[in-house]
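Please read them with the coordinates open.

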Amino acid sequence: MRKYIVGNWKMNGTSNDLQEISAIAALATQYPAVDIAICLPATLIARAASLVPGFAIGGQDCHQQASGAHTGCISAPMLVDAGARLTIIGHSERRADQYETDANICAKAMAAHDAGLRAIVCVGETLTQRDAGKAIEIVLGQLESSLPDEADGDWLSVAYEPVWAIGTGRIPDESDVAEMHFAIRKHIISRFGSDGEAIRILYGGSMNGENASILLAIPNVDGGLIGGASLGAVKFEPIIDAAA
Ligand code: PGA
């Protein structure tokens with residue numbers, strides 16, 4: 001399976017950062033064996049997509065409906081219109097800050113699919129849940145309710161992002177990542193049959209140039225969703241290099 005390395009810029013980036021996006025896109029051409037994308041703030045998508053037309057630009061969310069009275073929201077067809085090829089769905093920051101539920105996330109994933117976008121559906125436990133020994137149960141529950149009934153690896157990826165590892169510099173033990181990714185693989189194969197074998201499972205949460213080669217070598221870790229370390233080509237490159 002080709003590794004999938006996706007940057008998540010979150011609420012970072014203005015026109016001053018277009019040069020950095022060009023640099024990342026130029027870098028990507030040096031790694032043809034890796035699928036690389038960056039998910040930008042909505043305000044940058046159209047400019048970035050026309051600046052680097054050969055490179056995959058994504059959004060970070062979409063509404064479940066195609067249009068309508070939803071002030072402040074952006075639909076999947078709008079992302080496509082702006083030049084996006086993918087979107088993140090159900091990031092833990094949106095589950096927490098925007099109160100997104102598994103049902104919302106499932107509907108958004110289907111909206112992304114219907115518009116022709118690839119989707120990366122995020123799941124992950126809090127530290128309290130992990131300490132209580134419930135990490136796998138929580139994540140499998142999230143998958144059960146946030147993945148649509150039909151999916152395949154052409155459009156869907158799953159990102160396992162332990163909430164306590166995001167932006168903290170802490171990562172789980174390798175054995176915990178392996179155990180979780182194996183459990184996710186089993187779940188998606190039981191749901192989607194052989195299509196589940198081709199759905200990429202990304203790890204996210206403090207992945208950086210130092211730990212990427214260890215994380216990306218763990219079985220069933222098919223790529224990474226990277227926040228802080230994706231904001232510049234210099235920091236992003238060692239992760240892409242580790243994937244290659
Ligand atoms: P981080 O963020 O790499 O900055 O920890 C990852 C994410 O939230 O997708």
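1. In what follows, a residue is called buried when its relative accessible area is under 20%, exposed when it is over 50%, and partly exposed in between, using a 1.4 Å probe and the protein chains only. The model is a predicted one, so that local features need pLDDT of at least 70 and side-chain atom pairs count only at pLDDT 80 or more, while totals for chains, interfaces and linings use all residues. Residues are numbered from 1 along each chain as its sequence is written, and side-chain values use heavy atoms, with hydrogens and water left out.

2. The salt bridges deserve a careful look. Taking a salt bridge as a side-chain nitrogen of Lys or Arg within 4 Å of a carboxyl oxygen of Asp or Glu, the whole structure contains 11 of them. One joins Asp-176 to Arg-130, with N and O 3.7 Å apart. This pair connects distant parts of the chain, since Asp-176 belongs to helix 8 (residues 174-192) and Arg-130 to helix 6 (residues 127-131), 46 residues apart; helices here are DSSP runs of H or I with at least four residues, numbered from the N terminus. Arg-130 is buried, at 18% relative accessible area, whereas Asp-176, at 21%, counts as partly exposed.

3. Another salt bridge links Lys-108 and Glu-100, whose closest N and O atoms are 2.9 Å apart, and both of these residues are buried. They also belong to a network of salt bridges that includes Asp-61 and Arg-94. Asp-102 and Arg-95 meet in a salt bridge with an N to O distance of 2.6 Å, and Arg-95 is buried at 16% relative accessibility.

4. Which residues are closest to the ligand? With a residue counted as near when one of its heavy atoms lies within 4 Å, 13 residues surround the ligand, and the closest are Lys-10, His-91, Glu-161, Gly-167 and Ser-206. An oxygen atom of the ligand is 2.7 Å from a polar backbone atom of Gly-167, and a backbone N or O atom of Ser-206 lies 2.8 Å from a ligand oxygen. The protein buries 94% of the 290 Å² that the ligand exposes when taken alone, areas being computed by the Shrake-Rupley method with a 1.4 Å probe.

5. Finally, the cysteines. With a disulfide defined as a pair of cysteine sulfur atoms within 2.5 Å, the count is 0. Cys-39 is in no disulfide, its nearest cysteine sulfur being that of Cys-122, 9.0 Å away, and Cys-39 is buried at 0% relative accessibility.

Key
A polar contact is a pair of N or O atoms within 3.5 Å; within protein, one must be able to donate a hydrogen and the other to accept it, and residues adjacent in sequence count only if both atoms are side-chain atoms. Helices (H or I, at least four residues) and strands (E, at least two) are DSSP runs, numbered from the N terminus.
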